[in-house]
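Please keep the sequence and the structure in view while reading.

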Amino acid sequence: MSYEIKYAGPKPTVSQHGVMFDYSKDDRFQFIEILVHLIEAFNRHTHDGETLHFSIKNNELSSQEMINILKRYVPDLDERIENEIKEFLKVEEEEKKHVREIKDLTSEEKEVWLKNIDLVHDINIQRTINKAIYHAAVEVLGRELLKDHIKKLVIPMQGRYHHIAKSLSYMLDHLKTPVKSCYKIIETNEGLALEFD
């Protein structure tokens, strides 16, 4: 099956009253390209000993370019995505079953709720694809940091990078042999940066 990395938007929540979007749970799409650029930085040997300095990249990658790069590191990426989609579809079916069993709703309210679930189906599928790719990319970045014995990662101090640092820290903490990590804001010649130790 063919997948595409594209923006799906904030998390939709549905009920018999309509569809709402939770903007605090935005799509992982916005982080994937940054992660791919970070991973590719290892191939360009931009690290200085045990420190990898990373600046903002202006060259945009297409969805297919990002997928191709990640598949070099994660050969079973398609399988991982398919498994995540299967899990999502199970959850979606459970939600539909739950709606059908709510005794306090009229048949019209149930019908509206079920249609709203179907209405956001494609959005949720794309969010699932993006999330699976994001987690695979974080895993690759963590492995590359460890493989190249990188002890510090210095990245621009921006919201997107901060989110990646949190995910990377979580991933390293949950390895079979956990790796302690922390991050702090530092001042550099280019401005504020995030130093991930």
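Of the 197 residues in the chain, 43% are buried, and it should be kept in mind throughout that the model described here is a predicted one. The chain holds six helices and seven strands, which follow one another along the sequence in the pattern β-β-α-β-β-α-α-α-α-β-α-β-β.

**Overall layout**

- Among the contacts between residues at least 6 apart in sequence, 69% join residues that are at least 24 apart.

**Helix 3 and helix 5**

- Two packed helices are described by the angle between their axes and by the distance between those axes.
- For helix 3 (residues 77-101) and helix 5 (residues 121-147), the packing angle is about 140 degrees and the axes are 9 Å apart.
- Helix 3 is therefore oblique to helix 5, since only angles over 145 degrees would count as roughly antiparallel.
- The crossing in which helix 3 passes helix 5 is right-handed.
- On the side of helix 3 the contact is made by L77, R80, I81, E84, I85, F88, L89 and E92, while helix 5 contributes H121, N124, I125, T128, I129, A132, I133, A136 and E139.
- Sorted by kind, the residues of this contact between helix 3 and helix 5 comprise ten nonpolar, three polar and four charged ones.

**Helix 3 and helix 4**

- Helix 3 also packs with helix 4 (residues 107-119), where the axes come within 9 Å and cross at roughly 170 degrees.
- Helix 3 and helix 4 are therefore roughly antiparallel to each other.
- The contact is formed by E92, E95, K96, V99 and R100 from helix 3, together with K110, W113, L114, I117 and D118 from helix 4.
- In this contact of helix 3 with helix 4 there are four nonpolar residues, no polar ones and six charged ones.
- E92 of helix 3 is listed both in the contact with helix 5 and in the contact with helix 4.

**Salt bridges**

- The whole structure contains nine salt bridges, and some of them are described in the points that follow.
- The side chains of E40 and R72 meet in a salt bridge, with a distance of 2.7 Å from N to O.
- Because E40 lies in helix 1 (residues 29-43) and R72 in helix 2 (residues 63-73), this pair ties together parts that are 32 residues apart in sequence.
- Within the pair, E40 counts as buried at 17% relative accessibility, whereas R72 counts as exposed at 51%.
- K71 forms a salt bridge with D78, in which the closest N and O atoms are 3.1 Å apart.
- K71 counts as partly exposed at 30% relative accessibility, and D78 likewise counts as partly exposed, at 25%.
- E87 forms a salt bridge with K90, the closest N and O atoms lying 3.4 Å apart.
- E87 and K90 are separated by about one helical turn, because they stand three residues apart in helix 3.
- E87 is partly exposed at 42% relative accessibility, while K90, with a relative accessible area of 53%, is exposed.
- D76, R80, E139 and R143 are linked to one another in a network of salt bridges.
- Two members of that network, R80 and E139, also take part in the contact between helix 3 and helix 5.

- Y134 has its place in helix 5 and is buried, with a relative accessible area of 0%.
- Once its neighbours within four places in sequence are left aside, Y134 is in contact with R28, F31, I32, L35, H163, I164 and S167.
- The C-alpha atoms of Y134 and E190, which are 56 residues apart along the chain, are separated by 27 Å.
- N130 is also placed in helix 5, and at 0% relative accessibility N130 counts as buried.
- Leaving aside its neighbours within four places in sequence, N130 touches E4, I5, K6, A8, D27, R28, F29 and I32.

Conventions: Residues are numbered from 1 along each chain as its sequence is written. This is a predicted model: local features need pLDDT of at least 70, side-chain atom pairs count only at pLDDT 80 or more; totals for chains, interfaces and linings use all residues. Side-chain values use heavy atoms; hydrogens and water are left out. Helices (H or I, at least four residues) and strands (E, at least two) are DSSP runs, numbered from the N terminus. Buried means under 20% relative accessible area, exposed over 50%, partly exposed in between (1.4 Å probe, protein chains only). Contact means heavy atoms within 4.5 Å. A salt bridge is a side-chain nitrogen of Lys or Arg within 4 Å of a carboxyl oxygen of Asp or Glu. Axes are lines fitted to C-alpha atoms, for helices over the stretch in contact, and angles run from 0 to 180 degrees between N-to-C directions. Angles under 35 degrees count as roughly parallel, over 145 as roughly antiparallel, 65 to 115 as roughly perpendicular and the rest as oblique. A crossing is left-handed if the near helix is turned anticlockwise from the far one by less than a right angle, and right-handed if clockwise. Ala, Val, Leu, Ile, Met, Phe, Trp, Tyr, Cys and Pro count as nonpolar, Asp, Glu, Lys and Arg as charged, and the others, Gly among them, as polar.
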